[in-house]
Every structure is written in structure tokens, then in C-alpha cells.
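Hi,

Here's the structure I promised to pass on. Have a look at it first, then read my notes below.

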Amino acid sequence: MNQDLLHDPLINKGTAYSLEERDRFGLEGFLPPRVERIEEQTARVLAAVRAKSTPLEKYCYLAALQNENETLFFHTLIGNLAELVPIVYTPTVGQACLDWSRIYERPRGLYITPHQRGHICDVLRRWPHRNIGIIVVTDGGRILGLGDLGANGMGIPIGKLALYVACAGVNPARCLPVMLDVGTDNEAVRDDPLYLGLRQPRLARPAYDALVEEFVTAAQDVFPGVLVQFEDFANVNAFRLLARYRDSVCSFNDDIQGTGAMGLAGMYSALRITGGELADQRFLFFGAGEANVGIGTIVSAALERAGLPAAEALQRCWFIDSKGLVTSGRAELPEHKRPFAQDHAPLTGLLTAVEEIRPTFLIGASGQAAAFTEPVLAAMARLNERPVVFALSNPTSKAECTAEQAYRATQGRAIFAAGSPFAPVTWEGKTYVTGQGNNSYIFPGVGLAVLACGLQRVTDEMYFAAAQALAGQVTAEDLTSSCIFPPAARMREVAAEVAVAVAEVGYAQHLALAPRPRDLVAHVRASRYEGIYPPRYCLAQESPDGSMSSFGIVTA
Ligand code: NAI
């Protein structure tokens, strides 16, 4: 029994077990004699993390802690978001995925493979927790800007769920990371002798779609109402799966919809600095994949709301992909790009496109490092008093430009945001703070709203509300240093505000199962997990199927 108490990461308190608990549960002798408060444990964790010399070592230390004591892991994370989010999430999680087969120590989450066809339900049923509320699932097809990493992409669902808990206060027992291991087309990964995933090319359609269908159906059967977040799928699958499930299952695609809402929020905040109206802007998107098409879709809808006819709203959004400008004359344009195809002659080169289109916003989500060259940034500065530049690609090594490059090339006039964190830049005596334009400001709040109010679907209107809520969290003080996203330290506050806004829409659209609480704000906030130990444990009945821990938690 004491083994459970020390080795189940969801209930383990480590040195925080009281003398009475140690005595009652037979833990005497298994722990050093001193009883610690969680604050003391956290101080040790922080000292250990800070003593590590590389971000990846810090990541590994924290991953081991999460596997040992989740309460302490989250208590530490919640209290130190600005310092630790870049370790458990982008950029370090990118390195962790690249090295996954080397740093792997113990399982976390579920691995679903084509070999489980026909009995995925049974696999899900074996998960020890019944009350799963959020599944983050990837097939490893497009991990950050790093491409197809196969099963090594498992770090992404784990990292995203860590943010659900730390930022939104979702109970970790309600989170399930899932890797749909359908093989990988990345030969270097497949040939790595330490690679842990299936060593086969990616499953092709229709078998691929059938596997996803069985997984999504099984997830709904085993965990009714569960929110399924599709994460880091390659765009050949992402748009199709979003269309397939968005209206029938509580689900969303974070890279498309979450990024879209984040991007729109950043634009609203940038306009507070420039003083312009959304309806007067021209947007040049560099990269026409999930992230940028997600932003373009919500921005064009916002332009319509601002009074522009639909066709004109789309004409304000110009896209460049690996083949050049997205134009109507191009053969075999994928469906997700078609609404944005412009009647224009082909253009090659970003600089030419900037000079021709004269965008007020330049938004990079291409995975192409250094694509925003000095001449491109200088052209943006020539055309705009305050050019707005987003370099959203992750991890940091893939950003279209660095913060320093953006401020220097524009003489400090750029309003710059990036997908991964950048340190403040001082230029000619003024310090510029780069806002982190990342969907981590959106998805945790969406998930919290779904769980707190029993939302059955996630809708476009909810993303609008989320974008407005996020923009509303940017203070006048943030804007004075050109920062258009709240600092990471405020992510918890942001997630709560986003959750309330999303829940409001859920009630307005009659999509909430839970009756509307009298005080929605208080309800959402009170439903948050705080990362603290329950006052004491007591023995509970073992559940008949043996699936529950033999310990129950007394919280009163
Ligand atoms: P994707 O694979 O769907 O799209 C990539 C796009 O970039 C494609 O349209 C492709 O044609 C284009 N591209 C590639 N090479 C190019 C080149 N040389 N010139 C112009 N375009 C080029 O990928 P997705 O999901 O859109 O992600 C792209 C990047 O955005 C990744 O680095 C990802 O990490 C990042 N991202 C950032 C998010 C954030 O919250 N900051 C959220 C989602 C993605």
C-alpha cells in the first residue's frame, strides 16, 4: 500500500507526508525524517532546476519530477510560469522531441497504433482514471516547425497538457496525452537504433482515417464528452480531420483555431498602438499552412464583422507558401488555401511581395528560420510608421527573425511578437519587450470552459470571444514597451478570463450541459486545480474493477 502512496505521481506527497500519515500508511522509514511544506519542496526543485546547465537537462529533471509527484511539479510550475513554461513547452520541448528516444525514461500517456485496430476501446478502458476530460492527441506528423518526428512527438501532448493544468487549473487526473503512432516518413528517425516508435512508413488513407475514426469514437465511448484537441498533425490531415469532427464531437484543432484566435488577439492589441482600424489593414501571411490559414480565417471573419463584404475581407489576406504567392491561377491549390487565392500575377520573393502588396501586418508561420531578412524588415519599416511583424514559427531556431533583428531593422518601430519567448531587447536606450504570440494563451482557457460548464462543442464564436478576452488582458503598460501579449507570469489570469468568455458563448449558444451558475466568474475560478496537497489522505474502498487507487483523498 505504501508503494502506491510513494509511487503514484497523482497522490505522492514525498517528504510532505505528515508523521501521522507516515505512521498510518506504513511509510515510516521510507522517507527522510523531516516533514516538509510544499514551499520547502518547491525551493529544492527550483534550486535543482537552476543548477542544471542546459534547458534539456532542466526539462528531463522536471519530467522525472512530474512522473514522481505531480502536485509538486505543478505547484512549482504554477508559481514560476515565466521561468519554467519555456522549459516544459516551446522552445525546449522541441529539443526534447528531437531527443525523445534518448531521454525517454518511463511511459506517460497512451500510444495507439494500427495494431490495436478493432480494440482501441479496450486500450482506453485500461487507463486507470475514468474521469478524463481532455485528450491532446498528435500523430507526430508536424512537430512544431521540426517536421515529421513520429512517436518522438509525444512530448507535445504532454507539454500542452502541462499548460492546461498550470495555466488553466485543469486537474491533472483529467488529462490524457495520446500518441497515434502511425509510423513515420522521416527515415533518419526510423533508422535511429534507439527510436521507440513503429519503424514503418506512415499509414496511408483510408486505413489512416479509419484508425483516427476508431480512436475518436472510442474516446467518446470511454470518456463521454471528452474534449479532443488535435495537435501537430501535418496539414494534409489536419484540415480534413477538423472538418470531419468539429460539428460532431467536442474537439478542436489547436494549430488552426487556437492559433487563429491568438493571432487575432495580437492584431487587436497592435492596433491599440498604431491607432488604426482592423478594416483598414492589409495582411501578408508568410506560410499558408495550419497556423496562418487559421489566423487568416478568423481575421477575414473579423473584417466581415467590421463591415467589409466577404470577398473584400478575403482580399485583404495575402498568402505566400513554398511555391510563391497564393493566386487563383495556380494549379492544384489545396482546399484550405483556395478562399485566399488572389487574382494576381505570380510573385516570387518575399521582398517583392512586401513592396507590391504593401502590407501593414507581416505574419510568419512557415517554419523557415531567417526568412524575414533585413531588407524585408526594412521595407516594412519604409511602408509603415509602426510595422507589425509576427514571427510565429517554433521553436526559436525556426523563427522567421529574431526580436533583435526586428527592432534593429526597423529602428525600434516594429511591433513584434514571436511564437517562442525572446529576451527583451534594448536599442538606443529603449527596451522593447517581445510578446509571445502563442496559442498557449488560448487553449488552456478553452479547455477550462469546456470542463467547468460541460460545453459540448467548441465553436468559431468561442474563438472570437477568446481572442477578445486575450486582447483585453494586455495592459497599457504592456503596450508602452511594444508588447502585445501579456507576460507569461499572467498566463493563469489570462486562461481564467478566456474561459469565462468562452463559457459565456457556450451558454448563449445552448451548448453547455451544466446549468448556468449564478456567478460564472466565481464558478470558473473555483473549479481550478491549484497544485496543493489535500489536507490528508484516508483509506477508501477499492473499486470493484480494481481500477481506482486504494486511497481516497479527504479534502475537507
Ligand atoms: P504547415 O506545415 O501547415 O504550414 C507551413 C507553411 O509554410 C506551408 O504553407 C508551406 O508551404 C510554407 N512554407 C514552407 N517553406 C516555405 C518557404 N520557403 N517560403 C514560404 N512558405 C513556405 O505548418 P503550420 O502548422 O502552419 O506551422 C508552421 C509554423 O508555425 C511551425 O513552425 C509551427 O511551430 C508554428 N506554429 C506556431 C504557433 C504559435 O502559437 N506560435 C501555432 C502553430 C504553429
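Let's start with Ser482, which sits in the loop between α22 (476-480) and α23 (491-508). (Helices here are DSSP runs of H or I with at least four residues, strands are runs of E with at least two, and both are numbered from the N terminus.) This is a predicted model, so to speak of local features we need pLDDT of at least 70, and side-chain atom pairs count only at pLDDT 80 or more, while totals for chains, interfaces and linings use all residues. Residues are numbered from 1 along each chain as its sequence is written, and side-chain values use heavy atoms, with hydrogens and water left out.

Back to Ser482: its phi is near 65 degrees, a positive value in a residue other than glycine. Ser482 also counts as buried, at 2% relative accessibility. (Buried means under 20% relative accessible area, exposed means over 50%, and partly exposed is in between, using a 1.4 Å probe and protein chains only.)

Asp232 has a positive phi too, near 55 degrees, and is not a glycine either. You'll find Asp232 in the loop between β4 (227-230) and α13 (235-245). Asp232 counts as buried because its relative accessibility is 2%.

Why point these out? Most residues other than glycine have a negative phi, and most peptide bonds are trans.

On to the cis peptide bonds. One joins Thr90 and Pro91, with omega about 10 degrees, and Pro91 lies in the loop between α6 (81-88) and α7 (92-98). Another joins Asn394 and Pro395, with omega about -10 degrees; Pro395 is in the loop between β10 (388-391) and α19 (403-409).

Cheers
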